[in-house]
Each structure stands twice: as structure tokens, then as C-alpha cells.
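Dear colleague,

I am handing over the structure we talked about, with notes on what turned up in it. Please read the notes with the model open.

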Amino acid sequence: MATVDMRRLETGAGGGFDGMGLSKRVDDDLDDDGRPRRTGTAWTASAHIITTVLGSGVLSLAWGVAQLGWVAGPGVMTLFAAVIYYTSALLADCYRTGDPVSGPRNRTYMAAVRATLDESKVKLCGAIQFVNLFGIGIGITIAASVSMLAIKKAGCFHKEGHKGDCNSYSMSPYIAIYGIMEIFFSQIPGLDSMWWLSILATVMSFTYSTIGISLGVAQIVANGGIQGGLTGVAVGINAAGKSITVMEKVWRSLQAFGNMAFAYGFSIVLLEIQDTLKAAAPSEAKVMKKATAVSVAVTTVIYLLCGCVGYAAFGDGAPDNLLTGFGFYEPFWLLDVANAAVVVHLVGTYQVITQPIFAYVELRAAAAWPDSAFVGTREVRLWPTAVRVSVCPLRLTWRTAYVCVTTAVAMAMPFFGSVVGLIGAISFWPLTVYFPVSMYIAQRRVPRGSTRWMFLQALSAVCLLVSVVAAAGSVADVAAEFKAHNPFRRG
């Protein structure tokens, strides 16, 4: 295999990428790095971010608010929204090295780290990013199958009554169905080609969030008032009739704290999204900051509404998911619509999350074997029609295999969602805070000991503490899941 210069490959320096090849082209339809001219805008970038961030986890925030209470719950969410916006703005400034308008592009997160930090940090960043993306892909698969299964259960409860035996269905068929859907959508070449899917996913996220909030408001009216307390779930026998020990309160609070911290976790794909933006004055970084501000503001409003309305409706007994935890049973058809919207949204989320992994492997293969027919794109006629489509054998086989692996792991380990929480807790600090702060300091040459330098280091230290305590809460959750779940149980 030929030696691959990853710096030149990731920035596009020295020539443009033609499909999956690397031949240099000179054309008015190319950007300054030789790639086909980008067409993304602040609005398509916002759609990609919202697709990534606003997953079905928003429906679990009522549980998080219940653990922390009316004071800390909304406060923590708002605080982390500000932190995520700030560190994302720092990362956006690292898209180009040197000049913010004409400097070399860093098309991926790893490319930005390689351009500003040492090689050991590049390897560390790559390992954390790809493990995180792989784990999230599995978690998304499980979450989507849970929503599909919830449609089946909602119909069962409607027919058999709320006490009916409707919890014995297997998730495996639904995981397989979702995997087949993702095999099809994984053939979309890249983020710049899937703007329409992200917009559709964004619409779906607003749909199920609105339904969840509306059902919560209806429950508040039915209750005759707002439930919940200032400090959240009480120790002892709480309002929901459950016994909570001091340690359980601590672990749940830590877990809720961590969940809120990385509910905004889109830094792992921020630069990949920024790389879809068309050249604009004054720079892509300015456009990306605008997209980030809009996305964080929108998601924060929805997070606060879902979390607070859910807690007000159910108090200490808030379910871990407003739609699949069956805090609501009727109208069952509306629950079906909401859960179907969750599934459609998660199809888009899976694609946005996995594109960096797809691109990394395919770009390396293109650099190593630029003349290979297996790596290149060919025209294929769809029999028996005359329609011709472009097919890349590498993309078809590699992406299909990847989706099959994530689907198989989800099927074998349906409790993997708890493991994803642990992975997210561990990766929150390095990917969301440490690397953006370190790259910004190196690129802007922030003087050591200056006020800004001390502020950035303090921010990094506080977020490291958040990662540690969130990981502790996640470890307790994983241990409980392993204890309660039998991987070999059927049905």
C-alpha cells in the first residue's frame, strides 16, 4: 500500500478529489481546495446540527429534571447550552489554519487537531471520536427500534387495556428492519448530499417534540396543577410512592447532570458539517457560528419545554421517555405518529453521525489505490429499466458491512444504550472542550497566563469534573443494567 499523507488528504492540498479519485482538476465549479464547489448554507448546517443533537433523548429530559428539581434542572440545561455554544465557536475558528478566509481547510475534526497539535493527540482524538461515533450509532439503532416497538405496544394497550400483557415483544425484528433502512440510506455519498434528509429529520423532531409537550400540558390540566419539587426526587418514600436511598439520589443526579451536559454533543461532527458550507464573506466560521447559535437556541427551548412540561405533568414519577415509557396511553394513534416521527428522525441522525467514519475509510482507500475500479465510481443500469445510477463498489460493500455490524451489536446487546451513556460521559470533556480549547489557544497564540488563557483553562477543568462525575453516574447505570438484563433471554 502506498504511504498516505493524511495532512494533504484531509485538507485537499495539492489537488482535488474527483469522486473517489485524487486527480487534479482545474474548473470554475471547484473550491479553493480542488473539491466540487460547496453549496451548504447556515440553514442546512442548522438542520444537520439539529438532526444530530435533537434525538429521542429530548423525551428523557423530564426524568433528568425530576432528579435535579425545578431549580437545578432548567439551570443546568441553560448553563450547558452556553458552554456548548462557546466551545463550538472556538472549534469553528479552527476550520481553516492561519488565515480565516484563505488558509488551508481542515475538513475533519482530526485534520484540525493534526494542523495545530502533536501527532499523539491526533491519534487520541481519532480513537475517542470513532469509538464515540460507533457507540452512538448502536445507541441510535436501539432507540429507533424501541420507538418502533412502542407503536406495537400502544396498539396492544389500546386493545387489551393499560394492565394488558404488552411487554413481552422482542426488539430484534425491529432492529433488523431499522438496519435494512440504514443500509439503503448509507449509500448517500456525503453530508453535502443529504441536506434534504436532515431537513426532513428536523421537521420530524419538531413533530414528536410538539406532540410530547402537548400531551404533557394535557396531563397537567388533568392533574389540576403542576407537580414536582424544588430539589427533585426526594429521599425516602417520594411522591411517586417509590423508596429512594441517599446513594440512589446521588447516582441519579450525577447521571442526569451528565445527560444534560452531552445532550448538546455535536462537536464530533461540527467541522464535517462546516465543510459543507459554500464560501461566504467574511468566512465559513462566521456562518457556522450563526448556524450553531440558531441550533443551540432552538434545541434549548425544546429541551426546556420537554423537560419542564414532563416534570410538571408527572413529578417524581416522570418516565425515562415520555413516548415509549408509557406516561401516556391515549390517544394511541397520536403516540404512533410521534414514535414514527422519532424513527424517521433517527434515520437521519444515524447518517450524520456515521459520515465521518465512512469518509475516513473511503478517503484513505482512494489515496492508497487511486486507480482501482473497486474504489472508483461506475455507471450501472438498473435492470430491466433504462435508468442508470452511479455506484461505488467500495461504498456499497464497506458501508453495508458497517451498518450490519452496528445492527448485530444492537441486537445482541439491547442494553448497550447505557454503555453509550458511559462513552458519552468519558468523551464529553476531550471532544467538546479540551481539544477545541487547546486548538484555539495554539492557533490564536493566546499568551500563557493571560486572562483569556486562564479563563479557557478554568472552563476546561470544570468540564473535566463534569465528565468525571457523569461517568461515575453512568457506571452505576451500566452496572444496574448488566445486573437486571439477561443477554441470552429470548422474547
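Below are the findings, from the whole chain down to single residues.

Please keep in mind that this is a predicted model.

Overall make-up

The protein chain holds 14 helices and four strands. Of its 491 residues, 53% count as buried. The chain exposes about 21000 Å², and carbon and sulfur atoms supply 66% of that area. Among contacts with a separation of 6 or more, residues 24 or more positions apart account for 78%.

Transmembrane annotation

The unreviewed UniProt entry places the feature "transmembrane region" at residues 45–65, 71–92, 130–151, 195–222, 256–273, 293–313, 422–442 and 454–476. I looked at two of these spans in the model. Residues 293–313 are 100% helix and 0% strand, with the end C-alpha atoms 30 Å apart. Residues 454–476 are likewise 100% helix and 0% strand, and here the end C-alpha atoms are 34 Å apart.

Helix H7 covers residues 195–223. From its first C-alpha to its last, this 29-residue helix reaches 42 Å, close to the 42 Å expected at 1.5 Å a residue. After H7 comes Gly-224, which has a positive phi, near 80 degrees.

Aromatic pairs

How many aromatic pairs does a search of the whole structure find? The count is 15. One of them joins Phe-134 and Tyr-402: the ring centres are 6.0 Å apart and the planes stand at 75 degrees, above the 60-degree cut-off, so the pair is edge-to-face. Phe-134 belongs to helix H5 (residues 119–160) and Tyr-402 to helix H12 (residues 393–412), so this pair ties together parts that are 268 residues apart in sequence.

Tyr-434 and Phe-435 form another edge-to-face pair, with 5.2 Å from centre to centre and 65 degrees between the planes. Tyr-434 is partly exposed, because its relative accessibility of 23% is not under the 20% limit for buried. Phe-435 has a relative accessible area of 1% and is therefore buried. Ring pairs also link these two residues with Tyr-109 and Trp-429 into a cluster.

Cysteines and nearby points

The search of the whole structure for disulfides finds zero. Cys-94 is buried, at 1% relative accessibility. Cys-463 is buried as well, with a relative accessible area of 2%.

Ala-115 lies in helix H4, residues 109–116. Ala-115 is 21 residues from Cys-94 in sequence, and their C-alpha atoms are 9.0 Å apart in space. With a relative accessible area of 27%, Ala-115 counts as partly exposed.

Ser-253

Is Ser-253 buried or exposed? Its relative accessible area is 15%, under the 20% limit, so Ser-253 is buried. Ser-253 sits in helix H8 (residues 246–261). Leaving aside residues up to four places away in sequence, Ser-253 touches Gln-67 and Leu-68.

Regards

Technical notes. Residues numbered from 1 in each chain as written. Predicted model: local features only at pLDDT ≥ 70, side-chain atom pairs only at ≥ 80, totals over all residues. Heavy atoms only, no water. Disulfide = S-S within 2.5 Å. Buried < 20%, exposed > 50% of the residue type's maximum accessible area, 1.4 Å probe, protein only. Helix = DSSP H or I, 4+ residues; strand = E, 2+ residues; numbered from the N terminus. UniProt positions renumbered as here; feature names shortened; annotations may be inferred. Expected span 1.5 Å × (residues − 1). Phe/Tyr/Trp six-rings, centres within 6.5 Å; stacked < 30°, edge-to-face > 60°. Contact = heavy atoms within 4.5 Å. Areas by Shrake-Rupley, 256 points an atom, 1.4 Å probe, with all protein chains shown as cover.
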